[in-house]
Amino acid sequence: MRPIRLLLEGFLGFTTQGKQKIEVDFTGIGQARLVALAGPNGSGKSTVMDNMHPFRVMPSRWNKPTPAGGSYWDQVVLGDARKEFDFSHDGKTYRQILTFRSTAKTKRAEAYLMVQDEMGDWQPVATPQGVSSDGKTDTYDTVVESILGKPEVFFNTAFSAQSRPPLSEMDAGEVKTLLSAMLGADDLRAKSERASSVAKMLNAALVQVQAKARSVPDDRQRQVEASTAKDRAQTRFDEASRLVVERERGVERATEALSKAQVQASGEEALVTKRKLLSDEISRIGNDRDAQVAAAKNAAQSQIAALDEQIAKAKDDARKAEADKAQANSQIAQIRTFLAGEEKIRQAMEQVAAIDRELERLRARRAELEKAAQAAQHDSASLAQLANKMGSIMADGKAMGQRIEVVRKTSSVMEAVPCIGTDLQSQCPLLEQARKAKADLESMESHRVQLRNSYKDIAAQHSATHKRVEQGSEAVRQSTEAQKALDAETTKRQSAAALAAQAERIDRERQVLEQATARLADSESRLTEAKKSLDTFGLRKTDVLRESSRQIAELQARLQERFDKAQANLNALAQPQAVQAVEQAQRDVSTAKQGLEQAKADKERASTELAAAEKAVTLAQAALAESEKAAKHAEAISLEMSHWTLLSKALGNNGIVALVIDDAGPEISARCNALLESCYGGRFVVRIETQKTNGNGDLRETLEIWVEDAERDSHKPLSLLSGGERVWVNEALVRAMALHVAASSAARYATLFSDESDGALDTERKRQFMRMKHAVLEQGGFEREFFVSQTPELVEMADAVIDISAL
Ligand SMILES: Nc1ncnc2c1ncn2[C@@H]1O[C@H](COP(=O)(O)OP(=O)(O)OP(=O)(O)O)[C@@H](O)[C@H]1O
Ligand SMILES: [Mg+2]
């Protein structure tokens, strides 16, 4: 692959610097072998180099080197963007066109790969399998791969992107995957996977088929059982058929015997007719006898039934008369008991009148006494008042006596004074009080006399009243007694009145007694009547029973005699032998025919069972054939599956892939060591180990890169070298791989690309690094290498320089 021209429009790597579009023409560099892309940081070098190939990958920005590892929509502006890249490969000129149209809401990308025909016109590229570049991204990727191989191989051998992880950072699995991709072993692995999926599909089919095949023993057992059942059914059918034939013969024999007996019987016809007539008569007489006896019994029974009815009625009448009689008797007894007390009732009536009179007297007496008692009550109130009055007059008298005494003493002074009898005596002021006392004494004395008089009056009143009160209390006692007598009389009157009240019932009860007596007489006469009827009907019933039994016995004896006579006549006749033989023969024919029908039915059943058993055998045979076929099929699938499994293993990681990598290991090591030798002298020797001995001494697959440092006499994994050392060995290894790939037929690229892989080298090493680039071009037969470097010395050493900032 050789770049010819690149046009980028609307890519952020340039639009951020104000450039809408850049175009690079690579034809101007002529035959230059090492071409540097130069420019300051951020000038767009990586943007250009990332697009100097036709894969839909910008390797320094994608997270893995395949179209799915990143998106162009993150690298282009909104609106229209475009990439056109012309390149030549294997003598043909191609054009890649990518277009990106987007708005805020929609995105539309198209990708075309065109090839130039002899006339200079562009035609869509098509693969041998018929996939043509039609603008869709997946068809585009397919056609590019058909020309340049897998993108992983290209980006790990011919193209070294700026941010690509060095080999020293990859683990054994990643290096192995990379190697197998480079060596075209991926195809083998894909084939291994396809073989494995075929084996899996076969396995799934095998599971199903084996499920069917597993029933072989059961099916075989079923088939044997069905055959045995069929044999048994056949035996039963044969036996039933034999029995049918045998019984047909039996029917024939019985029919023949019947014919013979019938011929013999024709000679006994007259006897048979007579016997028939007689036996008909016997049965007629028998029937007649039975009918007459039954009629006589019926007649007697209906007579008895009528009598029974009358007896029942008479019993009912007697029962009712008995009940009426009892009721009348009890009523009569009750009334008589009542009437027995008539005298007492009349006495009670008289007693009531006497009591009423006594009551009258007692009430008058009690009124009188009550009045006296009331007066006594009034007097006892007056008595208390009089006693009070007497008390207060006595107290007044006493007080008056004391005052009179005092006044008398005071007035007595008048008698003792010297002026007694003088005028002075009546005028002396010293005697004023004594004079006044003398005057008062008189009136006081008279008042005392008054008091004594009124006391006497009141004492007399008191004494009279006291007497009356004593009389009144006697009246109260008597009044209480009168009340008691009244109460006793009232009680007496109540019971006498209750008895007397019954007087009015007496007449009524007499009438009722009369009626009851009449009813008693009536019921007694009805009872007598009913008993008479009972006796009459009872006797009549006995008569009827006796008479009808006699008549029936007589009738039966008479008819039986006729019957016995006829029977004796029949017995006297000779027995018709041949007729009996015919009857026997007829019975035999009928029995034989029944037996034949039975045998035919058995044969029919056996035939149905046989048909079913035969069908079961056919089905069991079919099922067995099916499962045996499945068993054979399962064997075939197993064999086929083991081939595909083997193929899958052979093509897989531990098969041919491992062998390819095993083979590649020493060759890549040798190429790498030759490059290291030619550039840096013999200090570092690389060894790629593809197998390792484990603890048991067995070999196992691995992939490890070891480096021997002759100067320091050390031996360590690539990852343990210093940063600068790692860059040497890494770059030498990557190029060795590119050389190995170039040497194999898997993929061949004419151009190498490298974006700033020299960063960590010192100046001297950078020069050696440039020498290595030349060596690689030389050894791999490459035409050119485009490289990006920030080191001016290296850029100066390039055969041609493309200044990106000048685009
Ligand atoms: N997808 C993007 N989105 C935004 N800016 C981008 C994008 N791609 C590139 N740029 C910008 O475009 C410029 C050019 O980037 P590019 O990586 O090509 O530069 P460079 O020349 O390789 O730089 P260096 O020497 O540092 O590797 C940078 O400023 C970068 O930030
Ligand atoms: Mg860069």
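**View 1**

View 2. Strand β3 covers residues 34-38. Four bridges join β3 to β13, and the two strands run parallel. Look for Leu 34, which stands opposite Glu 785 of β13. Strand β12 covers residues 751-755. Its pairing with β13 is also parallel, over five bridges. Here Thr 751 stands opposite Arg 784 of β13.

**View 3. Residues around ligand 1.** How many residues surround ligand 1? There are 18. The closest are Asn 41, Gly 42, Lys 45, Ser 46 and Thr 47. By type, the shell divides into 12 polar, four charged and two nonpolar residues.

**View 4. Polar atoms close in on ligand 1.** Ser 46 places a polar side-chain atom 2.8 Å from an oxygen atom of the ligand. Arg 61 also contributes a polar side-chain atom, 2.9 Å from an oxygen atom of ligand 1. With Asp 74 the backbone takes part: one of its polar backbone atoms is 3.0 Å from a nitrogen atom of ligand 1. Taken alone, ligand 1 exposes 630 Å², and the protein buries 71% of that. Which of the elements gives the largest share of the shell? Helix α2 does, with three residues.

View 5. An unreviewed UniProt entry lists residues 297-379 and 496-630 under "coiled-coil region". In the predicted model, residues 297-379 are 99% helix and 0% strand. The end C-alpha atoms of residues 297-379 lie 116 Å apart. Residues 496-630 are 94% helix and 0% strand. Here the end C-alpha atoms are 131 Å apart.

**View 6. Ala 261 in helix α7.** Helix α7 runs over residues 216-265 and holds Ala 261. Is Ala 261 buried or exposed? Ala 261 counts as buried because its relative accessible area is 6%, under the 20% cut-off. Now locate Gln 301, which is 40 residues from Ala 261 in sequence. In space, the two C-alpha atoms are 53 Å apart.

**View 7. Asp 90 has a positive phi.** Asp 90 is found in the loop between β4 (80-89) and β5 (92-102). Its phi is near 50°, a positive value in a residue other than glycine. Asp 90 counts as exposed because its relative accessibility is 70%, over the 50% cut-off.

**View 8. Asp 713 has a positive phi.** Where is Asp 713 found? Asp 713 is in the loop between β10 (699-709) and β11 (714-717). The phi of Asp 713 is near 55°, again a positive value in a residue other than glycine. Asp 713 has 71% relative accessibility, so this residue counts as exposed.

Definitions and conventions: Residues numbered from 1 in each chain as written. Chains lettered and ligands numbered in written order. Predicted model: local features only at pLDDT ≥ 70, side-chain atom pairs only at ≥ 80, totals over all residues. Heavy atoms only, no water. Near = heavy atom within 4 Å. Polar contact = N/O pair within 3.5 Å; in protein donor to acceptor, adjacent residues only side chain to side chain. Areas by Shrake-Rupley, 256 points an atom, 1.4 Å probe, with all protein chains shown as cover. Nonpolar A, V, L, I, M, F, W, Y, C, P; charged D, E, K, R; others polar. UniProt positions renumbered as here; feature names shortened; annotations may be inferred. Pairing = 2+ DSSP bridges. Buried < 20%, exposed > 50% of the residue type's maximum accessible area, 1.4 Å probe, protein only.
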